[in-house]
Amino acid sequence: MLRTYVVCYLLLISCLSVRGTEDKEKSFLDSPWCWVPAVAGGAVVGAVFAPWALGAGLAGMGFTGTGITAGSLAAGAMSTAATTGVGAGLVAVAQSAGAAGVALGTKTAMAAGGAIAGYFSSGCKEPNC
């Protein structure tokens with residue numbers, strides 16, 4: 001008698017775990033070969049290229065490692081910030097990033113932003129891309 005209950009119980013459990021595959025819609029996440037390279041590539045670009053581009057852009061504006069370059073856009077921004085008080089914090093942040101480089105937290109945020117951009121620009125809309 002106990003054997004019958006065990007068999008019935010096992011049959012009941014096995015029937016509950018079987019799901020039909022016809023009703024299940026395929027998800028975008030079911031095909032990682034489509035979106036994983038885009039996310040990884042975006043993260044690498046965000047972590048490597050974006051800090052380099054930010055440093056080059058700041059140096060081009062006049063925020064260099066030795067300070068603010070005379071006669072540059074950075075000098076004009078500093079003069080405006082000093083006389084009006086508007087944008088003084090932004091000039092200070094740009095001067096710090098130009099002198100010391102980009103902080104680790106900023107690089108991490110750039111990598112995350114690149115990964116998100118890679119995910120949304122992957123072009124994979126269908127599950128089977």
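Author: A definition comes before the helix check: the expected span of a helix is 1.5 Å times one less than its number of residues. Please keep in mind that this is a predicted model.

Reader: OK, how does helix α3 do, what should its 12 residues span?
Author: Helix α3, residues 73-84, should span 16 Å at 1.5 Å a residue, and its end C-alpha atoms are 16 Å apart, which agrees.

Reader: And what comes just after α3?
Author: Just after α3 there is Gly85, which takes a positive phi of about 85 degrees.

Reader: Switching to rings, how many aromatic pairs are there?
Author: With ring centres required to lie within 6.5 Å, the count comes to 2 aromatic pairs. One of them joins Phe49 and Trp52, whose ring centres are 5.6 Å apart with the planes at 40 degrees, so this pair is tilted.

Reader: Where do Phe49 and Trp52 lie?
Author: Both belong to helix α2, residues 32-61, where they sit 3 residues apart, about one turn of the helix. Phe49 counts as partly exposed at 47% relative accessibility, while Trp52 is exposed, with a relative accessible area of 58%.

Reader: What about Tyr119 and Phe120, what kind of pair do they form?
Author: Tyr119 and Phe120 form an edge-to-face pair, with 5.1 Å from centre to centre and 80 degrees between the planes; the angle is over 60 degrees, so the pair falls in that class.

Reader: Is Tyr119 buried, partly exposed or exposed?
Author: Tyr119 is partly exposed, its relative accessible area being 29%, and Phe120 counts as exposed at 62% relative accessibility.

Methods
Residues are numbered from 1 along each chain as its sequence is written. This is a predicted model: local features need pLDDT of at least 70, side-chain atom pairs count only at pLDDT 80 or more; totals for chains, interfaces and linings use all residues. Side-chain values use heavy atoms; hydrogens and water are left out. Rings of Phe, Tyr and Trp (its six-membered ring) pair if their centres lie within 6.5 Å; planes under 30 degrees apart count as stacked, over 60 as edge-to-face and the rest as tilted. Helices (H or I, at least four residues) and strands (E, at least two) are DSSP runs, numbered from the N terminus. Buried means under 20% relative accessible area, exposed over 50%, partly exposed in between (1.4 Å probe, protein chains only).
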